[in-house]
Amino acid sequence: MCVGGDLGFVECYFRLGSGRRWRSQRVQYKALQRVRVAGDQFGSPTYVPHLLDGVEALLQAGCRGTVHMAGQGVASRFEWIQALFSALAIETPLEAGEAREFPQAATRPVYSALATLRDDAPVLPSWEEGVAAFAAART
């Protein structure tokens, strides 16, 4: 995510956003017999409203340079979706697969967890708190 002014660049990966796509996918997931998700890719899932709060805090503090911000903790895509399904009461069984089973336009790293190391940057809530907030906003 690029931000104007002196801040420069804020980077985040494994985002959980507004949920527009989830509204239609939730119905699809419930109709499936099972869902396979990559269990061998790891990151720091981040709820977008938490990220936006962090970016706002950076701007208000006059922070400069590159900042890595993400939900605290690390999870595989499988663990993340498993928590999301549980929070949204989606009972469709999940299976852990391998990332190579899910071709993407760009090669994704196996381990892309981010941590906020700068003392002048806000620490975002955990990815589990993000999943809970996302689910609460949908129920």
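Is Arg36 buried, exposed or partly exposed? Arg36 is partly exposed, with a relative accessible area of 32%. The close-up views below begin with this residue, and please keep in mind that the model is predicted.

**View 1. Arg36 and Glu95 meet in a salt bridge.** The closest N and O atoms of the two side chains are 3.0 Å apart. This pair links distant parts of the chain, since Arg36 belongs to strand E4 (residues 35-38) and Glu95 to strand E9, 59 residues apart. Arg34, Arg36, Glu95 and Glu101 are linked in a network of salt bridges.

**View 2. Arg100 and Glu98 form another salt bridge.** Here the N to O distance is 2.7 Å. How exposed are the two partners? Arg100 is exposed, with a relative accessible area of 69%, whereas Glu98 is partly exposed at 34%.

View 3. Across the whole structure, the count of salt bridges is five.

**View 4. Tyr47 and Phe134 make an aromatic pair.** One aromatic pair is counted in this structure. The ring centres are 6.2 Å apart and the planes stand at 85°, so the pair is edge-to-face. Tyr47 lies in strand E6 (residues 46-47) and Phe134 in helix H4, so the pair ties together parts that are 87 residues apart in sequence. Are these two residues buried or exposed? Tyr47 is buried, with a relative accessible area of 10%, and Phe134 is buried too, at 0%.

**View 5. A charge sits over the ring of Phe134.** Stay with Phe134 for a moment and look for Arg138. The charged end of Arg138 is 4.0 Å from the centre of the Phe134 ring.

**View 6. Leu84 is a buried residue of helix H3.** The helix covers residues 77-87. Leu84 has a relative accessible area of 0%, so it counts as buried. Which distance separates Leu84 from Gly130 in space? From C-alpha to C-alpha they are 9.6 Å apart, although 46 residues separate them in sequence.

**View 7. Val74, Val110 and Tyr111 form a nonpolar patch on the surface.** Together these three residues have about 300 Å² of accessible area. To find Val110, follow the loop between strand E9 (94-97) and helix H4 (127-138). Val110 counts as exposed, because its relative accessibility is 54% and the exposed class starts over 50%.

**View 8. Ala89 has a positive phi.** Where in the chain is Ala89? Ala89 is in the loop between H3 and E9. Its phi is about 60°, although Ala89 is not a glycine. That is worth a second look, because most residues other than glycine have a negative phi. With 51% relative accessibility, Ala89 counts as exposed.

Note on methods: Residues numbered from 1 in each chain as written. Predicted model: local features only at pLDDT ≥ 70, side-chain atom pairs only at ≥ 80, totals over all residues. Heavy atoms only, no water. Helix = DSSP H or I, 4+ residues; strand = E, 2+ residues; numbered from the N terminus. Buried < 20%, exposed > 50% of the residue type's maximum accessible area, 1.4 Å probe, protein only. Patch = residues over 30% accessible without salt bridge, like charges linked within 9 Å, V, L, I, M, F, W, Y side chains within 5 Å. Areas by Shrake-Rupley, 256 points an atom, 1.4 Å probe, with all protein chains shown as cover. Salt bridge = Lys/Arg side-chain N within 4 Å of Asp/Glu carboxyl O. Phe/Tyr/Trp six-rings, centres within 6.5 Å; stacked < 30°, edge-to-face > 60°. Lys NZ or Arg CZ within 6 Å of the ring centre and 35° of its normal.
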